[in-house]
Amino acid sequence: MRTLPGRTDHVVVVGAGLAGLSTALHLLGAGRAVTVVERDSTPGGRAGRLDLDGYRIDTGPTVLTMPDLVEDALAAVGESLADRLDLLPVDPAYRARFADGSTLDVHADADAMEAEVRRFAGGAEAAGYRRLRTWLTELYRVERDRFIGGNFDSPADVLGPSLAKLAALGGFGRLGPAIGRFLHDERLQRVFSFQSLYAGVPPRRALAAYAVIAYMDTIAGVHFPRGGMRALPDALAAAAADAGATFRYDTPVAWLERIGSRVTAVRTTGGERIPCDAVVLTPDLPVAYRLLGKAPRRPRPVRWSPSAVVLHAGTTRTWPELAHHTIFFGQAWNRTFEEITSTGRLMSDPSLLVTQPTIGDPSLAPADRHLNFVLAPAPNLETGPIDWRRVGPAYRDELLRVLEARGLTGFEASVETSRLVTPQDWADMGLAAGTPFSAAHTLAQTGPFRPRNLVDGVDNVVLAGCGTTPGVGVPPVLISGKLAAQRVAGTPLRTRSERARTSVVS
């Protein structure tokens with residue numbers, strides 16, 4: 001693995017999102033001095049926050065899986081997750097509601113889920129679920145260290161036993177048919193394949209290797225931090241600060257000062273000069289490349305994931321139909337994906353994710369009130385250049401009508417405060433193509449073909465975040481921070497406690 005040449009004693013991390021915070025913790029554990037520069041007044045990045053009329057709203061991810069990665073980042077500085085976060089298990093992980101009126105609760109526990117599948121679709125499908133669970137677990141074990149948790153310097157880096165095992169498991173086939181080998185009920189196939197949308201690719205076109213996202217959701221389990229998702233970046237930032245990191249909030253970066261092929265300082269919009277030995281850039285790819293003054297050459301332009309419209313709604317009531325996370329599937333399936341990924345149209349038969357975090361933590365809303373996060377997948381601005389300033393209010397009304405029709409009677413009348421976020425809003429935040437999900441995980445943008453976290457011609461800069469290795473989602477972004485730290489400090493990274501023990505022995 002290539003590492004940065006020359007001194008790397010003081011590292012400036014640009015961005016206090018989850019990738020930047022993970023990077024900072026792993027670098028601190030490896031003995032580096034770290035300064036984190038963030039344009040906003042709080043940590044979190046895309047895991048943002050909005051306080052509105054007494055509602056504490058998370059504007060970014062709502063699903064937290066693989067908390068061991070959070071534990072790993074905190075352990076780098078001798079901290080533990082239990083001391084920093086109160087994680088609540090979410091069970092069911094999801095509730096799936098289908099157009100035919102049927103409902104399925106998704107449990108991480110194998111026995112509970114097998115019983116639920118048997119109730120829902122019969123014994124043969126329950127047996128198929130058991131086989132699927134075994135396959136998903138094997139797939140994750142094969143991909144975990146090399147394909148998800150490793151840096152790539154060239155496509156040749158994937159060659160070896162792990163590649164052969166992944167091929168033998170069918171990882172290079174298509175996701176939809178792969179799930180169909182185990183489950184024949186079309187509704188169950190949706191439950192274990194819709195996650196490919198997180199990767200920006202429809203299930204029938206996504207690599208079967210991306211079934212590992214279903215492993216993270218449906219086997220490893222879903223969690224929720226008390227205090228909301230904002231509690232996660234708050235905890236990571238506090239641990240980093242206690243370990244010696246310097247944080248500079250409300251400090252946008254204007255440009256990078258260079259001498260030859262090395263960045264010597266980060267310059268802020270306020271005119272401040274922050275000297276450094278190395279830089280980790282975590283903004284969206286186009287912003288990072290702009291700061292660098294160059295972008296790597298690619299055979300094809302980066303293809304961006306679909307976007308989303310999000311309606312944050314504070315309501316005066318709740319509904320028994322809702323779990324913490326509820327997916328309302330429309331009748332259409334392939335057509336829906338075609339609309340949002342190819343033709344650039346809004347979903348004609350929407351499938352929606354409704355999250356009600358106040359089920360787990362009522363303190364996120366005023367007394368006897370409920371917070372709802374309604375996510376509708378949508379085309380990005382390149383695929384569908386919709387005039388969202390004109391269309392947005394009408395689409396909000398349509399979403400409310402859909403929720404009413406799907407069983408949430410009285411939803412519209414119960415809304416006392418709301419905020420709509422559209423692809424145009426994401427673009428105004430500086431996110432390419434108006435999508436918070438960055439580069440799609442097509443074959444040409446997967447593994448060693450994904451935009452690398454090193455940039456040729458610049459010796460001491462590393463990229464981190466969802467646009468680079470390994471990809472999109474909270475777990476991959478946390479991993480990307482560790483991979484960036486490895487580029488700076490070498491691998492394996494030693495934690496602060498491990499270095500202290502070595503010092504005592506010597």
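Which residues in α4 meet which residues in α5? In this predicted model, Ala-110, Asp-111, Met-113, Glu-114, Val-117, Arg-118 and Ala-121 in α4 meet Gly-123, Glu-125, Ala-126, Tyr-129, Arg-130 and Arg-133 in α5, contact being heavy atoms within 4.5 Å. By class, these residues are six nonpolar, one polar and six charged; Ala, Val, Leu, Ile, Met, Phe, Trp, Tyr, Cys and Pro count as nonpolar, Asp, Glu, Lys and Arg as charged, and the others, Gly among them, as polar.

This is a predicted model, in which local features need pLDDT of at least 70 and side-chain atom pairs pLDDT 80 or more, while totals for chains, interfaces and linings use all residues. Residues are numbered from 1 along each chain as its sequence is written, and side-chain values use heavy atoms, without hydrogens and water.

**Helix α4 with helix α5**
- Helix α4 (residues 110-121) packs against helix α5 (residues 123-148) at about 145°, with axes 7 Å apart.
- The crossing of α4 and α5 is right-handed.

**Helix α2 with helix α16**
- Helix α2 (residues 68-75) and helix α16 (residues 474-489) have axes 9 Å apart and an angle of about 25°.
- The two helices, α2 and α16, are therefore roughly parallel (angles under 35 degrees).
- Leu-69, Val-70 and Asp-72 in α2 meet Pro-475, Leu-478, Ile-479 and Lys-482 in α16.
- The contact of α2 with α16 has five nonpolar, two charged and no polar residues.

**Cysteines**
- The structure has zero disulfides (pairs of cysteine sulfur atoms within 2.5 Å).
- Cys-276 is buried at 9% relative accessible area (buried means under 20%, with a 1.4 Å probe and protein chains only).
- Cys-466 is also buried, at 8% relative accessibility.

How values were computed. Axes are lines fitted to C-alpha atoms, for helices over the stretch in contact, and angles run from 0 to 180 degrees between N-to-C directions. Helices (H or I, at least four residues) and strands (E, at least two) are DSSP runs, numbered from the N terminus. Angles under 35 degrees count as roughly parallel, over 145 as roughly antiparallel, 65 to 115 as roughly perpendicular and the rest as oblique. Buried means under 20% relative accessible area, exposed over 50%, partly exposed in between (1.4 Å probe, protein chains only). A crossing is left-handed if the near helix is turned anticlockwise from the far one by less than a right angle, and right-handed if clockwise.
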